[in-house]
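Visitor: I would like to learn how to read a fold from its coordinates. Please take me through this one step by step.

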Amino acid sequence: MPRIRTGRGLDRLVNFTDASVAIAITLLVLPLIDLVTDGEEHSVASLFSDERGTFLAFGISFVVIANFWVGHHRVFENLRDYSNAMLWANFLWLASIVFIPFTTQLLADEGTDDPAVNALYISVMIVTTGSLALVEWLAVRDPDLQHPEVRGDLEVKGALVAVLLLVVILVLAVVAPGVGMFWLFLLFLSGPLTKVAGRRRDARAPEDGDGHGEAP
C-alpha cells in the first residue's frame, strides 16, 4: 500500500468503521424485540421484571459501544492520514466491537454471576481498548499522520491506564463474580489515574533535564 493516501481513503476507513459500529449497536436491541414478538401477551411491568437481565445487558453494552466509538472518534479527528499497521489495528478494534452483541446475549442468558461469561465480556473490552491504544501509539510515533495544528494532543497513557484497569477488573470479576459487571465502575478511576501518571512524568522531567545538564 502507498505511504501517502488521499483524504478520500481516510474518509472511507472512518465511514466503514462508523457503519460497522452502527450495525453492532443496533443488533443489541434485537433480543428486546424478540421479547414482544414471541406470540405471548406481556404487561410492561412483568416484562421488565422477568427480563431485567436482558435489559441490563442491553444498557451496559449500549454504553460500552458508545464510549468506545467516542474514543475512536477522538483519535481519528486528529488524523489526516493512516498507515497500513493502523488500518489493521482498526480492523482488530472493529472485530471486537461487532463481537459485543454476542457477549451481550451471553450476559443476558447466563447472568452476571457466571465467571466465564464475565471474563469473556471483559476480555473483549480489553481487546477493544488495546487495539485503539495501538492506533494512538502508531499516530504518536509518526506525527506526519496527524493534523499539524493538533499534534501533541494524542497521548497513549490514558488508553494504557484503561487497559491495566480492565485487566484488574477481569481478575476481580473471575475471583468475585457475585459483584458481576458492577466491577466496571472501576473504570471511572481511569481519568484520575491518568492525571496522576501525567503529574509524575512532569515531575520527573525537570530532574532528568538537570541530570543531563551536569558534567560527567
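Guide: Start with the order of elements. From the N terminus on, the protein chain runs α-α-α-α-α-α-α-α. This is a predicted model.

Visitor: How many helices and strands are there in the protein chain?

Guide: Eight helices and zero strands.

Visitor: What share of the residues counts as buried?

Guide: The protein chain has 216 residues, and 38% of them count as buried. Now look at contacts between residues at least 6 apart in sequence. Of these, 75% join residues at least 24 apart.

Visitor: Next, helix packing. At what angle do α4 and α5 cross?

Guide: At roughly 170 degrees, and their axes come within 8 Å. An angle over 145 degrees counts as roughly antiparallel. α4 and α5 are therefore roughly antiparallel to each other.

Visitor: Which residues make that contact?

Guide: From α4, the list includes G53, F58, I65, F68, W69 and F76. From α5, it includes N90, W93, I97, I100 and L107. By class, the contact of α4 with α5 has twelve nonpolar, six polar and no charged residues.

Visitor: What is the distance between D109 and G53 in space?

Guide: They are 7.7 Å apart, C-alpha to C-alpha, and 56 residues apart in sequence. D109 is found in helix α5. D109 is exposed, with a relative accessible area of 53%.

Visitor: How do α6 and α7 pack?

Guide: Helix α6 spans residues 115-141 and helix α7 spans residues 157-175. They pack at an angle of about 170 degrees, with their axes 9 Å apart. So α6 and α7 are roughly antiparallel to each other.

Visitor: Which residues of α6 and α7 make the contact?

Guide: Among them are P115, I122, M125, I126 and E136 of α6. On the α7 side, L166, I169, L170 and A173 are included. The residues of this contact divide into 15 nonpolar, four polar and one charged.

Visitor: What is the general idea behind a nonpolar core?

Guide: In soluble globular proteins, nonpolar side chains tend to be buried together. Here, the largest nonpolar core has 44 residues. M86, I100, Y121, I122 and L184 touch the most other members. The elements that give two or more residues to this core are α1 (7-27), α4 (52-76), α5 (84-110), α6 and α7.

Visitor: Which element gives the most to this core?

Guide: α6, with eleven residues.

Visitor: What is I122 in contact with, leaving aside its neighbours within four places in sequence?

Guide: L166, I169, L170, A173, M181 and L184. I122 also belongs to the contact of α6 with α7.

Visitor: Now charge. What should I look for?

Guide: Side chains of opposite charge can pair when their charged atoms come close. Take a side-chain nitrogen of Lys or Arg within 4 Å of a carboxyl oxygen of Asp or Glu. By this rule the count comes to one salt bridge.

Visitor: Which side chains meet in a salt bridge?

Guide: Those of R74 and E136, at 3.4 Å, N to O. R74 lies in helix α4 and E136 in helix α6, so the pair ties together parts that are 62 residues apart in sequence.

Visitor: Is E136 buried or exposed?

Guide: E136 is buried, with a relative accessible area of 2%.

Methods: Residues are numbered from 1 along each chain as its sequence is written. This is a predicted model: local features need pLDDT of at least 70, side-chain atom pairs count only at pLDDT 80 or more; totals for chains, interfaces and linings use all residues. Side-chain values use heavy atoms; hydrogens and water are left out. Axes are lines fitted to C-alpha atoms, for helices over the stretch in contact, and angles run from 0 to 180 degrees between N-to-C directions. Helices (H or I, at least four residues) and strands (E, at least two) are DSSP runs, numbered from the N terminus. Angles under 35 degrees count as roughly parallel, over 145 as roughly antiparallel, 65 to 115 as roughly perpendicular and the rest as oblique. Contact means heavy atoms within 4.5 Å. Ala, Val, Leu, Ile, Met, Phe, Trp, Tyr, Cys and Pro count as nonpolar, Asp, Glu, Lys and Arg as charged, and the others, Gly among them, as polar. A nonpolar core is a set of buried Ala, Val, Leu, Ile, Met, Phe, Trp, Tyr and Cys residues joined through side-chain atoms within 4.5 Å. Buried means under 20% relative accessible area, exposed over 50%, partly exposed in between (1.4 Å probe, protein chains only).
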